[in-house]
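Here is a short briefing to read alongside the model. Take a look at the structure first, then follow the notes below.

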Amino acid sequence: MRVSELASIIGCECVQEEYADGSVDSGYTSDLLSDVMANAASGGVLVTIQAHRNTIAVASLVGLAAVVICNDRLPPEDMLEAARAERIAVFRTGLSQFEVSGRLWIALRPRDA
Amino acid sequence: MRTLVDLHNHSCLSPCASLEMSPSALCRIARERGLGVLALTDHNSARNCPAFAEACGREGLAPLFGIEACSVEEVHVLCIFETLDEVLDFGAYLEERLPTLPYDPAKLGDQVVVDVDENVLELPQRYLGAALSLGFGELCRAAADRGALVIPAHVDRGMFSVSSQLGFLPPGPYDAVEAVRRPAAALTRGLAAVSGSDAHYPGQIAARPFVVDMPEELTAPRPRGGSERFGPALLGALRGKLGLREVRAAWEREA
C-alpha cells in the first residue's frame with residue numbers, strides 16, 4: 001500500500017498533502033510518544049489522538065510515513081507545518097484508534113494471516 | 001514586598017528550547033523584565049543549574065533550582081529545590097531512570113550544558129525529553145520526600161499534563177498546580193494555582209510570572225556572587241504563601 005491510498009482505505013481526510021508517497025507496510029497505535037519512539041517501525045503509519053507537533057518530532061525520528069489523528073481531534077497549524085517540513089503525511093478522521101487500526105490491519109495483514 | 005516569581009523556565013539544555021537560552025541570557029532578560037525569584041526547570045535534568053546559580057548571583061536574582069520531570073504517563077511535574085546540591089542529586093536520580101533511546105539532535109533538538117560564560121561543557125547523549133520510568137505518583141513522592149516544591153505543570157493544557165494524560169488530578173503531595181488559564185476546580189483540589197512562563201525562547205521570558213508578597217530580606221537586590229544562602233528561607237516562605245493561596249496568577253493580576 002502507498003501513503004496516498006490511506007485516505008480511501010481508512011476513511012480519513014488528508015490534512016497535510018506534501019509528503020513522500022512511499023510504501024507503507026506496518027502500523028503502530030499508541031497515545032504515548034515514548035512508546036512510539038521505542039517501538040514503532042520505520043516506514044509505518046502511526047494511529048493516535050496526540051495532535052501536536054511533538055508527535056511529528058517523534059514520527060520523524062522513527063521514520064514514520066504518515067500519522068492518522070483519530071476521534072475528530074484537530075491538528076494545529078504548527079503540527080502540520082512540521083509535518084510538511086519532514087514530508088510526513090497527516091490524516092484526520094472521526095473514527096477511533098480501534099476502528100482505524102482494524103481497517104489498517106485488514107489492508108496490511110500478510111496474505112496467510 | 002510585591003515580587004514576581006517565575007518557576008517554569010527552560011535553558012539550552014532542554015532539547016525543545018532555543019540555543020539562545022543560556023542560563024546567563026535567561027537571568028539577564030529575567031532581571032531586565034522585573035522578575036525577583038526565578039527557577040530553572042529543564043526537562044529531566046539539572047545539568048545547567050550550576051551556571052544558573054552563578055548567573056542569578058551576577059544579576060541579583062533570588063534563585064530556586066528545579067527540574068520539569070516527565071512521568072512514565074508523560075505528565076510533566078515541576079520539582080523545585082532550595083539548593084543546588086539537592087537539585088543535582090535529584091537530577092542524577094532521574095537521569096538513571098531515563099530510557100536509552102536513539103537520540104538524534106537534528107530531529108529532537110540540541111541539549112547543551114554550558115557554564116555561566118556560555119562555554120559549552122557537555123552534550124548529554126541521552127534524550128532528556130523522554131518519559132522517565134517513574135509513575136506520576138512515585139515521581140511526585142520522590143520529589144516531595146527530598147523537600148521539593150511539587151507542582152504539576154500546565155494542568156489545563158492538552159498535552160503532557162494531568163488532564164491530557166490522566167484525565168484528573170489524583171491525590172498527591174502537591175504544593176500548588178501550574179495552569180495556563182484559570183483552571184477548573186477539579187484540576188486544583190483546592191490548591192493554589194500559579195502561572196508560569198514555560199519559557200523556551202527569549203521572547204517568552206517573564207511572560208507569565210505570578211505575584212506574591214514576600215519578605216523584603218528575601219527579595220532585595222543581591223550582591224554579585226554566590227546564591228546558595230538565599231535558598232532555604234526563600235523556598236520555605238514561598239511554600240507558606242502557596243499553602244495560604246496568597247498568590248496572584250497571571251490571569252488575575254491587576255492591570
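The contact (heavy atoms within 4.5 Å) draws 13 residues from chain B and 13 residues from chain A. This is a predicted model, so local features need pLDDT of at least 70 and side-chain atom pairs count only at pLDDT 80 or more, while totals for chains, interfaces and linings use all residues. Residues are numbered from 1 along each chain as its sequence is written, chains are lettered from A in the order in which they are written, and side-chain values use heavy atoms, without hydrogens and water.

**Interface**
- Chain B and chain A bury about 1,100 Å² between them (accessible area, 1.4 Å probe, lost on being put together, summed over both), and carbon and sulfur atoms give 65% of that area.
- E74(B), L101(B) and K107(B) supply 41% of the area that chain B buries against chain A.
- One salt bridge crosses the interface (a side-chain nitrogen of Lys or Arg within 4 Å of a carboxyl oxygen of Asp or Glu).
- E86(A) forms a salt bridge with K107(B), with the closest N and O atoms 3.8 Å apart.

**Largest pocket**
- Its volume is about 1,200 Å³, the space filled by probe spheres set on grid points; a pocket is an open set of points on a 1 Å grid over the protein atoms alone, where a 1.4 Å probe fits, with protein on both sides within 12 Å along at least five of seven lines.
- Of 47 lining residues (an atom within 4 Å of a point), the closest to the centre are R53(A), N54(A), C16(B), M159(B) and H200(B).

Note on methods: Buried area is the accessible area (1.4 Å probe) that two parts lose on being put together, summed over both.
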